[in-house]
Amino acid sequence: MIYSPDRTFSELVVALSTILDIEQETKLYHAWRVALVAQELARRELPELANLVFYAGLLHDLGAIGLDDHLVHLVVKPEARGNPAILDHPQRGAAMVTAIPGLGDEAAAMIRDHHERWDGSGYPRGIKGQDLAQGAILLGLADELDLVLRAHPGAPWSSLRGTLLRKVRGGFPPELLATLDEMLQGPCYADIATNVALELKMFEVIMALPPVNFRVPDPMKITIDLFAEIIDAKHAYTAGHSHRVAAYALRLARCLGYGEEELQRLEVAGLLHDFGKIAVPRAVLDKPGRLDRDELQVVRRHPAWTIELLSGVSGLKDLARDAGLHHERYDGKGYPYGLHDGEIPAGARIIAVADAFDAMTSNRPYQRTCTPAEAVQILSGGAGANSTRRLWLLPPVC
């Protein structure tokens with residue numbers, strides 16, 4: 001696969017932050033606003049860290065993946081400080097980010113401390129002042145600003161200034177608050193006040209980002225492997241699912257005579273096939289009984305999110321349909337688009353078989369676990385309806 005690792009990396013991180021912020025089909029843009037505001041603050045306060053702060057802002061709530069509701073709703077509730085999952089999310093997110101090439105320990109430390117406060121009133125460790133990781137306090141202030149803007153949509157900065165200052169008094173250095181105030185009195189506020197403006201600003205920022213210092217060979221392979229683990233982290237029973245699907249898909253494709261470049265492309269599609277499933281609430285995917293009509297609609301939307309988000313990543317857009325059409329069926333009864341037969345890419349058909357096999361042979365709350373032989377028998381029985389016939393003509397050694 002030939003692509004620019006820098007551009008692909010930044011767009012993939014943006015895509016992950018987008019799917020983390022989707023709620024009931026709506027993009028919340030929380031991480032985008034935090035990233036853009038924190039980056040602009042860093043350009044004034046810590047210019048050498050501005051781009052790292054941007055990436056940390058995009059992923060600052062990564063540790064909240066799997067919570068029953070989005071953090072923008074949970075953190076404003078009085079009982080938030082008593083919720084262990086909320087208290088733990090900065091450290092959980094930091095542990096995930098520390099392994100991402102180009103970000104590592106420095107961005108992870110910012111994420112770990114983004115709910116700490118200058119006066120020691122934050123969490124989870126209650127540290128203060130210079131003990132906070134550089135850049136963390138910028139993320140924290142941008143986070144607080146987003147919550148205020150969310151509570152007063154469309155309001156001018158002049159009317160929100162007092163509200164924010166009262167809310168954060170003591171938690172941030174006065175000089176940082178003065179910098180934010182000055183910044184938002186200029187054109188910066190218009191850039192982050194609405195979703196449309198945020199999208200335009202994000203595109204502008206991505207195009208201007210400098211190369212990432214990855215410090216490792218083949219950084220995109222490491223990043224995509226890690227993203228597959230993050231995708232599976234939302235639900236306890238899906239641990240390892242994306243890597244198993246990719247492995248099964250590769251084995252099938254080799255038996256079908258795929259070349260090395262096709263195999264690499266299919267592996268990435270397999271690893272990221274459930275990217276859109278991050279947007280599905282845990283209560284829906286973990287439900288042991290039959291889904292109701294609305295819940296089923298939410299689940300059936302997730303492959304379309306996969307396609308939309310991967311299509312926005314310049315280095316991966318050519319595999320978006322292979323990744324996202326794995327729930328389509330030969331007989332047209334699949335989803336999200338109800339495609340038939342030859343309308344479904346061959347890669348998506350292979351991933352469909354691999355995905356179904358792993359789902360049937362894994363422990364899932366909504367079904368009994370099949371043996372591999374039982375799963376193969378079920379898949380063989382469905383050949384021509386929900387899979388490609390050729391796969392069942394392969395010799396047993398494959």
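**View A. Lys221 and Asp225 are separated by about one helical turn, being 4 residues apart in helix H12.** The model is predicted: local features require pLDDT of at least 70, side-chain atom pairs count only at pLDDT 80 or more, and totals for chains, interfaces and linings use all residues. Residues are numbered from 1 along each chain as its sequence is written, and side-chain values use heavy atoms, with hydrogens and water left out. Helices (H or I, at least four residues) and strands (E, at least two) are DSSP runs, numbered from the N terminus. The side chains of Lys221 and Asp225 form a salt bridge, with 3.2 Å from N to O. A salt bridge is defined as a side-chain nitrogen of Lys or Arg within 4 Å of a carboxyl oxygen of Asp or Glu. Lys221 is partly exposed, at 40% relative accessibility. Burial is expressed as relative accessible area: buried is under 20%, exposed is over 50%, and partly exposed lies in between (1.4 Å probe, protein chains only).

**View B. Within helix H2 (residues 30-45), Glu40 and Arg44 lie 4 residues apart, about one turn of the helix.** A salt bridge joins Glu40 to Arg44, and their closest N and O atoms are 2.6 Å apart. Glu40 is buried, with a relative accessible area of 16%, whereas Arg44 is partly exposed at 42%.

**View C. A salt bridge connects Arg244 with Asp358, the closest N and O atoms being 2.5 Å apart.** Arg244 belongs to helix H13 and Asp358 to helix H18, so the pair ties together parts that are 114 residues apart in sequence. Arg244 counts as partly exposed at 27% relative accessibility, while Asp358 counts as buried at 1%.

**View D. Glu25, Lys27, Arg301 and Glu308 are linked in a network of salt bridges.** Arg301 also takes part in an arrangement with an aromatic residue: its charged end sits over the ring of Trp305, 4.2 Å from the ring centre. A charge sits over a ring if NZ of Lys or CZ of Arg is within 6 Å of the ring centre and within 35 degrees of the ring normal. The structure holds 21 salt bridges.

**View E. Phe9, Phe54, Tyr55 and Phe214 form one aromatic cluster.** Rings of Phe, Tyr and Trp (its six-membered ring) pair if their centres lie within 6.5 Å; planes under 30 degrees apart count as stacked, over 60 as edge-to-face and the rest as tilted. By this rule there are 6 aromatic pairs. The ring centres of Phe9 and Phe214 are 5.3 Å apart and the planes stand at 80°, so the pair is edge-to-face. Phe9 lies in helix H1 (residues 5-20) and Phe214 in the loop between helix H11 (195-208) and helix H12 (219-232), so the pair ties together parts that are 205 residues apart in sequence. Phe9 is buried at 0% relative accessibility, and Phe214 is buried with a relative accessible area of 9%.

**View F. Tyr248 and Phe357 have ring centres 5.1 Å apart and planes at 90°, so the pair is edge-to-face.** Tyr248 is in helix H13 (residues 241-255) and Phe357 in helix H18 (residues 346-361), so the pair ties together parts that are 109 residues apart in sequence. Tyr248 is partly exposed, with a relative accessible area of 30%; Phe357 is buried, with a value of 18%.

**View G. Asp143 is buried yet has no salt bridge.** This residue is found in helix H7 (residues 136-151). Leaving aside neighbours within four places in sequence, Asp143 is in contact (heavy atoms within 4.5 Å) with His30, Val34, His60, His114 and His115.

**Setting of the views. The protein has 19 helices and 2 strands.** Buried residues make up 55% of its 398 residues. Among contacts between residues at least 6 apart in sequence, 67% join residues at least 24 apart. The C-alpha atoms fill a box of roughly 70 × 45 × 35 Å, taken along the principal axes.

Note on methods: Lys and Arg count as positive and Asp and Glu as negative; His and the chain ends are not counted.
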